[in-house]
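This report covers a salt bridge, its surroundings and the chain arrangement. Sequence and coordinates come first.

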Protein chains: 2
Amino acid sequence: MKKFEEKTLQSETIFEGKVINLLHEEVQLPNGKTSKREIVKHPGAVAIIPVTKDNKIVMVEQYRKPLERSLVEIPAGKLEKGEEPKRTALRELEEETGYTSHELTHVISFYTSPGFADELIHLYIAKDLEKVESPMAPDEDEFVELMECTLEEANQLVIEQKIYDAKTAYAVLYLNTKGM
Amino acid sequence: MKKFEEKTLQSETIFEGKVINLLHEEVQLPNGKTSKREIVKHPGAVAIIPVTKDNKIVMVEQYRKPLERSLVEIPAGKLEKGEEPKRTALRELEEETGYTSHELTHVISFYTSPGFADELIHLYIAKDLEKVESPMAPDEDEFVELMECTLEEANQLVIEQKIYDAKTAYAVLYLNTKGM
């Protein structure tokens, strides 16, 4: 999959952060001309659709500074360096919801914004949930509120734009298609 | 939707590009402590599911520099300043595929990466397509190859990870759910 490949002529690191790095690259286009590309490097992430034994979806509400508002989302989190995505999924599920899962299944992986970022999200569905007695705590700067909702309620949250992000919209559509 | 609001204490513009800007902000957390947020500002985008009269989906293959590979995606493009999303959708559809649509319907809008970016994508389905005689040309640095595929072929492209981004994965699942 190298069709219309753009060769890197120059790559400048503009910023190295806690979460993302920013590169500014000069590339050679397929027609020989040059152009500039702005590229966000991201470690990748997981997202989990936790389904409880009584057919509720566990969601988290949290503030999203880029949007200056809070969203209701399925639990998610960044991959640690070298961490296997399935392990990240179980860790984030426990940290954000206090649950562990005995039946974690990969649903799909996708890039979120391939035009400017390399973030890849691995989506899992977590069933056979069990409350952990002393769950790992979330990151220090993470404040989330848990909610459990039916699929019908989740569909309503999509309409109300409280659920308003790609991975959670995909998750709700997936449950509508495949059932809980 | 201001739950767990994070107040901006300081905002530094690290980079202003053609497509994105990068901010580095110091915020006050709900517990009074401070933290840093890395924020990508994006103008927003549209994506279009073009369905031809013989029930094919029009896709574009293009190179994505952040991934160093090409992807098969539904047509998409950035909002121009002040441009109404529906107008952007018709413009991008024409530029990338040479089609216009007499039946353009909003499907859903979602943020792609709310953890670090404010990109909002508006997804449309375009039916009643008609070839434009002298279509507007794509941007100078855009090289895309058109393909038309059945829903079955699109599902196969998802499995092969040639379709590998959130908006196109959502679009294919949507068509599976609602039909063409």
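## A buried lysine and its partner

B:K167 is buried, at a relative accessible area of 4%. Buried stands for under 20% relative accessible area, exposed for over 50%, and partly exposed for what lies in between (1.4 Å probe, protein chains only). The model is predicted: local features need pLDDT of at least 70, side-chain atom pairs count only at pLDDT 80 or more, and totals for chains, interfaces and linings use all residues, while side-chain values use heavy atoms, with hydrogens and water left out. Residues are numbered from 1 along each chain as its sequence is written, and chains are lettered from A and ligands numbered from 1 in the order in which they are written.

Which residue forms a salt bridge with B:K167? The partner is B:E73, with the closest N and O atoms 2.6 Å apart. A salt bridge here is a side-chain nitrogen of Lys or Arg within 4 Å of a carboxyl oxygen of Asp or Glu. This pair links distant parts of the chain: B:E73 sits in strand β6 (residues 69-73) of chain B, B:K167 in helix α3 (residues 166-178) of chain B, 94 residues apart. Helices (H or I, at least four residues) and strands (E, at least two) are DSSP runs, numbered from the N terminus. B:E73 is buried too, at 0% relative accessibility.

## Other salt bridges

Over all chains, the count comes to 34 salt bridges. One of them joins A:E6 and A:R37, with 2.9 Å between the closest N and O atoms. A:E6 lies in the segment before β1 (7-16) of chain A, and A:R37 lies in strand β3 (residues 34-41) of chain A, 31 residues apart. Both ends are buried: A:E6 at 5% relative accessibility, A:R37 at 16%.

Another salt bridge crosses between chains. B:E25 meets A:K65 at 2.8 Å, N to O. The link runs from strand β2 (residues 21-28) of chain B to the loop between β5 (57-64) and β6 (69-73) of chain A. B:E25 and A:K65 are buried. Chain A also holds a network of salt bridges, linking A:E80, A:E83, A:R91, A:E92 and A:E95.

## A mixed sheet in chain A

Four strands of chain A form an open sheet, ordered β7-β4-β9-β8, with mixed pairing. Two strands pair if DSSP finds at least two bridges between them. At the edges stand β7 (76-78) and β8 (99-111) of chain A; each has a single partner strand, so one side of each lacks a neighbour in the sheet. From one strand to the next, the twist averages 25°. Axes are lines fitted to C-alpha atoms, for helices over the stretch in contact, and angles run from 0 to 180 degrees between N-to-C directions.

β8(A) pairs with strand β9 (residues 120-131) of chain A in the antiparallel sense, over 11 bridges. In β9(A), A:Y124 is the bridge partner of A:H106. Helix α1 (residues 85-97) of chain A packs on this sheet and touches β4 (45-50), β7, β8 and β9 of chain A; the helix direction makes about 120° with that of β8(A). Contact means heavy atoms within 4.5 Å.

## Cysteines

How many disulfides does the structure hold over all chains? The number is zero. A disulfide is a pair of cysteine sulfur atoms within 2.5 Å. A:C149 is buried, at a relative accessible area of 1%. B:C149 is buried, also at 1%.

## How the copies relate

Chain B can be laid on chain A by a turn of 180° and a shift of 0.0 Å along the axis, with an RMSD of 0.0 Å. The two copies are thus related as by a two-fold rotation axis. Copies are superposed by least squares on the C-alpha atoms of residues with pLDDT of at least 70 in both. Of the interface residues of chain B, 100% are also interface residues in chain A, so the copies meet through the same surface.
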